[in-house]
Amino acid sequence: MIKAVISGTGLYTPPATIDNDELVEAFNQFVDLYNDEHAEEIERGNIAPLQHSSSAFIEKASGIKRRHVIDKEGILDPRRMTPYIPERSNDEHSVQCDMAVAACSEALEQAGKTPADVDAVIVACSNMQRAYPAISIEVQEALGIDGFAYDMNVACSSATFGLQAAVNSVENGAARSVLVVSPEICSGHLNFRDRDSHFIFGDACTAILVEREENAKEGQGFEILGTSLKTRFSNNIRNNFGFLNRADESGIGKPDKLFVQEGRKVFKEVSPMVAQTIQNHLKALDLSPENLSRMWLHQANLNMNQLIARKVLGRDATDKEAPVILDEYANTSSAGSVIAFHKYKGDLKSGDLGVICSFGAGYSIGSVVVRRR
């Protein structure tokens, strides 16, 4: 029987950063400009004035302190508030391809492998910068991998869903090894003019190499004990941008063509679902929460992660048991739990157990239980 292991991980972090104070300053400038431009309508009571944001509000609501982004200047321009990412010619690598190649190169180096050892690439993330050709096939070409590739999107759970697909390909013999890559340019679909969400996202790219246990170096990486996926439809996190938008001009530029969510409903509905999914997954593997040394959770909201960990463990988790990276990276959608795994896996000893868990729009939840080799 072929067993799959995670033998390497990689991370690309954009060099530009925006801390909360910078973001709030730009947002409040936009608010003042808007209120001045609409002063008469506000005076008549036809529209409500926009309200300022604050760094204290952001950190209390989310735990986020700063974020990495592809472009800083466009976001902080109060008259633009959108990243400026120039289009490239069709003869150039796309932005997501460049991010993916950087993350994949680190994952391959960590595993002691080359592109010649890889048979497949799965690009799994919330938003692709084009419909086709697939970003994954472009990454495959850029790395020089002979095999197959495809894109997939399950929003914030894309990486864990991609991991299960990679495990299936390895264990059924379709591939010796698979790269799962999540190039998340979340700043591209964030409404930086929305007080309730302008601070949520950052940009990053992760890569995971999944390969046959027999081909991995002895004692290296993590054995994948099992994967568990769950979805349930909800409109509480949504982005309606798509190729049909041009078919109805009335919707062009409307807020729903960017990220929108009902945050309180998401918190209330998703948290217990995630905890129950992890508990059920552990039970199916004849394991219990007490067996866990680490929980690499989706990095969207600190309060949410603390609640989920408490429900799973029956007590508050320590920072070591449930590490946090969202203070540095903010929410990077599907990349978040993998960033936590990448940065906080090196200290685990042989036999230690952990769970990589992502959750988000869909709703979608992915749980991957691993054991240090």
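This is a predicted model: local features need pLDDT of at least 70, side-chain atom pairs count only at pLDDT 80 or more; totals for chains, interfaces and linings use all residues.
**Entry 1: Salt bridges**

I began with the charged side chains. Side chains of opposite charge can pair when their charged atoms come close.

Next I looked up aspartate 119 and arginine 176, which meet through their side chains in a salt bridge of 2.8 Å, N to O. This pair links distant parts of the chain, 57 residues apart. Aspartate 119 sits in the loop between helix 5 (95–111) and strand 4 (120–124), and arginine 176 in the loop between helix 7 (158–171) and strand 6 (177–185). Is aspartate 119 buried or exposed? With a relative accessibility of 16%, under the 20% limit, it counts as buried. Arginine 176 is partly exposed, at 31%.

I then turned to lysine 320 and aspartate 347, which form a salt bridge at 4.0 Å, N to O. Lysine 320 lies in the loop between helix 9 (302–313) and helix 10, while aspartate 347 lies in the loop between helix 11 (335–343) and strand 12 (353–360); they are 27 residues apart. Lysine 320 counts as exposed, at 56% relative accessibility, whereas aspartate 347 is partly exposed, at 40%.

**Entry 2: Backbone geometry**

Most residues other than glycine have a negative phi, and most peptide bonds are trans. I therefore noted departures from both patterns.

I found a cis peptide bond between tyrosine 132 and proline 133, with omega about 0°. Proline 133 is placed in the loop between strand 4 and helix 6 (135–143). A cis peptide bond also joins glycine 362 to tyrosine 363, with omega about -5°. Tyrosine 363 is in the loop between strand 12 and strand 13 (364–372).

For positive phi, I noted alanine 330, near 60°, and serine 333, about 55°. The loop between helix 10 and helix 11 holds alanine 330 and serine 333. Alanine 330 is buried, at 0% relative accessible area, and serine 333 is buried, at 1%.

How values were computed:
Residues are numbered from 1 along each chain as its sequence is written. Side-chain values use heavy atoms; hydrogens and water are left out. Helices (H or I, at least four residues) and strands (E, at least two) are DSSP runs, numbered from the N terminus. Buried means under 20% relative accessible area, exposed over 50%, partly exposed in between (1.4 Å probe, protein chains only).
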